[in-house]
Amino acid sequence: ARGPEGDPVALKTLLPTSAADDKARRMFLDESALAARLRHPHIASVGARGEHEGVLYYVMEWVEGASLDELSQAARRQGRPLALPVLLRVLRDAARGLHAAHELRDEAGELLEVVHRDVSPQNILVRRDGVTKVTDFGIARARDRASRTTTGNFRGKLRYVAPEQALGEAPDRRADVWSLGVVLYEALAGETPFESPHQAAVLTRVLMADVAFVFGPEVPRELVALLRRVLTRHPGARLGSAEAFAEALDGVAQRLGLEASPADVAAELEALLGPALVERRALLRRGPLQEATVAEHTSPSRGVPAESGVTRRPGTRLAGRRILWRSVAGAALVAAVAALGAARGRNATTSAPEPAASPTTPPRREAPAAPAAAATTPSASAVVLPAAAAMTPAPTAQPAAQPPLPRRRTPPPAASSQAPW
């Protein structure tokens, strides 16, 4: 979408399938209200909120750049780690943004006890000018939120969550500090301390395994010592705040000559992902985002604040596009499951012989496997919808009708001690 000045903005909406779910609506409105109160240079800002054609939405700052995860992966593809001064600067700025969220207070001056709960490289964005933004406070916990996760339930990315959060306990700001430590560990080691292809194993390691602080000689000992203060399971022994984490990173950078400016961060971003960012910008310019404009209007629906809304050119429908995306992805999933089931069926028939066929039972035939379709889903941090023409499947020619074949009576198969295949 585009803002009143024509600049691109990000639009987060409630899923059309949840539009009639009162609980989902309350949670979405609660999320948008909290996000709108977070104002800091290192937090992606939230603007207008409202409802359009039955779909709740809120407008977020569009961060043109890449996530820390994309930066780290691009560096690994070039056979090198992310530049250490740049990494320290990005994490220092992210920690300061998180500290501002942790310090958010209500009108009476009381702490709202905000906890992000989903700090990860995917939610740390680096803008093209080198400024870092923390985003996606969608599952953040706060004291005055109407919708709160029930104790015993878990939310967040398992590899990055603190042990107390993985146990379903109510976390505080120190859980976000743990997550920052895991992000730093992963950037230095190439993987998280609890890596496993199985979620159950990841959970077990988060809760029980000792963190192995083993790094290459290029990692300063001061950073390893900092990680030991952060990745400790007992919250009381952990570094107490994101601000303390930021100050510790600053101290390491100053002592070791690893300081970096936003210009240094921007240069690293350009070196790693410059062509990809140019291509992404070109897609935005010619894509369907030109069709949506955020403008002032009155929202009459179900008590939503009439702050601003979305006006669209004829023929564009936000809900319809999301439904189409999910239809394509759903069809691909169904086809893939069908193909997998058929393949397993063939394996079963070749490994386990069936009993001999009786004179009255014809041989069993396997149904042909459905071809697996491929579906591409947009990124959660930067959703770029394809043009309508690209989303509409091309019509397929129908085969000409064939005359029915004459029916022919066949004698029943003779009994045999061998399997029919």
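Student: Which residue in β3 stands opposite Val 9?
Tutor: Glu 61 does. A strand here is a DSSP run of E with at least two residues, and a helix is a run of H or I with at least four; both are numbered from the N terminus. This is a predicted model, where local features need pLDDT of at least 70, side-chain atom pairs count only at pLDDT 80 or more, and totals for chains, interfaces and linings use all residues. Residues are numbered from 1 along each chain as its sequence is written, and side-chain values use heavy atoms, with hydrogens and water left out.

Student: What makes β1 and β3 a pair?
Tutor: Two strands pair if DSSP finds at least two bridges between them.

Student: Why are β1 and β2 called edge strands?
Tutor: Their sheet is open, with three strands in the order β1-β3-β2. β1 (9-13) and β2 (46-52) each pair on one side only. Neighbouring strands are turned by 25° against each other on average, direction ignored. Axes are lines fitted to C-alpha atoms, for helices over the stretch in contact; angles run from 0 to 180 degrees between N-to-C directions.

Student: Why is the largest nonpolar core called a core?
Tutor: A nonpolar core is a set of buried Ala, Val, Leu, Ile, Met, Phe, Trp, Tyr and Cys residues joined through side-chain atoms within 4.5 Å. Buried means under 20% relative accessible area, exposed over 50%, partly exposed in between (1.4 Å probe, protein chains only). This set has 69 residues; Leu 184, Leu 188, Leu 223, Leu 231 and Phe 245 have the most contacts inside it. Elements giving two or more residues include α3 (84-102), α5 (173-189) and α8 (242-256). The largest share, ten residues, comes from α3.

Student: What makes Phe 245 a contact of other residues?
Tutor: Contact means heavy atoms within 4.5 Å. Leaving out residues up to four places away in sequence, Phe 245 touches Ala 95, Leu 180, Leu 184, Leu 226, Val 230 and Leu 239.
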